[in-house]
Amino acid sequence: MKNNTNSFLFFLIIIFFMGSQSLLGQRKNDSIPYYVKKSQNFNNASDLIEAKTFFETELNSIEKDDPYILYFKYNLASIEKNMSNYEEAENLLVSILEEIDLFTDPEYKAQYQKSAFNLLGNIYREQKNKEKAIELFNRAIQRSGSALDSAVIYNNISNIYREFNEVENAKNELVNAYNLFPRFKDTLEKARILDNLGYIYTKLDSTFLGLKLIKRGLRLREEVGINTEMFASYHKLTKYYHDQGNDTISRFYANKVYELSQKIKTPNFEEDALGLQMELHSDPRVRRYKKLNDSLSKIKFNNNNYAIYKYDISELERQVFQEKSNKEQQKSKTLLFAFLGGLILIIAVFLIILQRNRNKRHTLTQIHKTERNLSKKVHDELGNDIFYLMNQIQTNPASLLEKEGLQVLNGLNDIYVKARDISKTYTTIDTNKGYHDELLSLLNSFGNDSTKIVTNEIAIDFWYSVSKLKKEQVYRVLQELLTNMKKHSEASLVGITFTKIKKNIIIKYVDNGKGTTKANTLLKNGLANVENRIAEINGTITFETSPENGFKTEIRFIQ
């Protein structure tokens with residue numbers, strides 16, 4: 001039996017009219033819906049022939065790259081299928097799938113793919129190719145965009161299962177479709193679903209409910225008055241009453257089926273009507289012929305002779321090629337990244353070696369500078385004093401036993417103090433836990449009978465969170481301030497305080513020495529180096545001094 005299945009032509013009409021009204025103005029746009037309706041809800045073969053002639057003319061009048069070519073091809077494919085010209089229909093649908101890239105709108109693409117796969121599923125269903133039909137319907141439902149779309153495809157899948165006597169599977173698909181009724185209004189599609197669901201229930205021993213649904217579907221179809229739709233309902237009623245053993249009513253509906261087939265006048269409907277008459281025939285030889293004919297029709301296909309198989313193979317080859325191409329691109333990218341990574345690694349190693357060499361040169365430069373400074377200090381400060389004492393002793397050795405001997409001893413003590421100061425200047429500083437004691441030792445070393453060094457009490461852990469670099473710079477700065485005080489200020493009292501406010505460390509230095517102008521302090525007394533050291537640790541230092549008013553300094557930095 002040929003169920004008149006919905007093939008989404010109505011939706012494509014909407015797309016066609018909404019998509020490009022300016023182009024439609026150049027065509028017979030008032031004729032298009034007329035012939036679409038004629039081809040979809042045809043009453044006889046002449047309707048199909050007229051519609052086919054119209055769409056062939058339209059198709060031949062447009063350019064090959066015109067997107068409307070897909071629309072006209074789809075309508076022609078639907079007409080060819082209804083005329084049982086399956087090969088022509090399939091070729092048209094496959095060409096649509098191949099040319100779908102003419103559309104840039106993904107929704108349009110999905111709708112054409114869905115419609116093409118659904119119609120291809122119906123073609124293979126009518127040729128009894130169950131597996132391929134179900135596969136195509138599933139590909140269509142993946143692109144379903146509405147409840148009506150899904151209901152149509154569920155109904156079509158159920159027809160496949162019913163024709164292969166898988167009634168439970170057929171019922172499940174139809175129940176899915178029936179549950180979507182509240183979400184769409186298409187009367188004919190509801191009639192088709194009710195008709196098919198009713199027939200399945202009669203096969204599942206729910207005959208009363210089944211007959212009720214079949215007749216409900218028939219009433220909806222009779223209201224519309226389309227021969228092909230009523231054909232399907234009469235066909236179901238014929239088989240139902242035949243199964244119930246009521247041959248009189250069964251033949252009544254079988255005759256209605258045949259009468260409609262003569263009005264429709266297409267081979268597939270006429271074949272169905274005559275086949276139904278043969279099923280009701282009492283002669284066993286006639287029934288045997290019908291059974292053999294049905295069996296032969298199931299094997300009259302070869303996969304490689306069908307365009308959709310060729311399309312699927314082509315798609316598979318394209319996917320394999322694409323995957324291979326992607327792998328090659330990925331391989332190239334991997335090699336490129338590996339090359340760039342290796343290049344970056346080589347550059348990084350080169351820069352590290354270069355930086356190490358620079359550091360070594362810098363370290364050597366600093367060592368040489370320290371050696372020069374140390375040599376100069378020993379020569380200028382110690383050498384001269386030692387030469388003076390040696391000369392004094394050589395000139396008058398007896399002076400060591402006289403009053404002048406005390407001056408020699410004082411001179412030796414001064415030399416010792418200077419040697420100790422030089423040693424502290426160039427000795428490595430303990431910047432770990434011993435830093436606290438190291439710093440106090442430095443401060444105490446500058447105190448004597450004439451100069452008193454005063455400081456506040458500092459907690460043992462005061463310096464724990466301060467970096468080694470900052471501790472070393474603080475040590476050297478205080479050393480230079482105290483050395484400057486010893487040489488120039490003649491201070492008798494020096495006060496140094498250490499405080500911490502959150503993460504800020506504040507060091508204040510004050511003495512009661514002679515004082516001087518700030519410019520003289522920095523330039524003559526060499527304290528510019530102090531500013532440089534504090535700048536290295538991102539700190540600040542301020543000086544406050546004037547003649548006869550002592551010297552003040554405040555240092556601030558973050559620990």
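Helices are DSSP runs of at least four residues, numbered from the N terminus. In this predicted model, the loop between α11 (187–203) and α12 holds Asp205. Asp205 is not a glycine, yet its phi is positive, at about 65 degrees. Most residues other than glycine have a negative phi. The relative accessible area of Asp205 is 70%, and Asp205 is therefore classed as exposed, the cut-off being over 50%.

A positive phi is also found at Lys502, again not a glycine, with a value of about 55 degrees. Lys502 lies in the loop between β2 (493–501) and β3 (504–511). Its relative accessibility is 78%, so Lys502 counts as exposed.

Helix α12 spans residues 207–224 and contains Arg216. Together with Lys212, Lys215 and Arg219, Arg216 forms a positive surface patch. Arg216 has a relative accessible area of 36% and is partly exposed.

Leu340 belongs to helix α17 (residues 307–395). With 38% relative accessibility, Leu340 is partly exposed.

In soluble globular proteins, nonpolar side chains tend to be buried together. In the model, the largest nonpolar core has 77 residues, among which Phe55, Phe72 and Leu93 touch the most other members. The greatest contribution to this core comes from helix α5 (residues 68–82), which supplies 9 residues.

Terms used: Residues are numbered from 1 along each chain as its sequence is written. This is a predicted model: local features need pLDDT of at least 70, side-chain atom pairs count only at pLDDT 80 or more; totals for chains, interfaces and linings use all residues. Side-chain values use heavy atoms; hydrogens and water are left out. Patches are made of residues with over 30% relative accessible area and no salt bridge: like charges are joined within 9 Å, nonpolar side chains (Val, Leu, Ile, Met, Phe, Trp, Tyr) within 5 Å. Accessible areas come from the Shrake-Rupley method with a 1.4 Å probe; for residues, only the protein chains shown count as cover. A salt bridge is a side-chain nitrogen of Lys or Arg within 4 Å of a carboxyl oxygen of Asp or Glu. Lys and Arg count as positive and Asp and Glu as negative; His and the chain ends are not counted. The place of a charge is taken as NZ of Lys, CZ of Arg, CG of Asp or CD of Glu. Helices (H or I, at least four residues) and strands (E, at least two) are DSSP runs, numbered from the N terminus. Buried means under 20% relative accessible area, exposed over 50%, partly exposed in between (1.4 Å probe, protein chains only). A nonpolar core is a set of buried Ala, Val, Leu, Ile, Met, Phe, Trp, Tyr and Cys residues joined through side-chain atoms within 4.5 Å.
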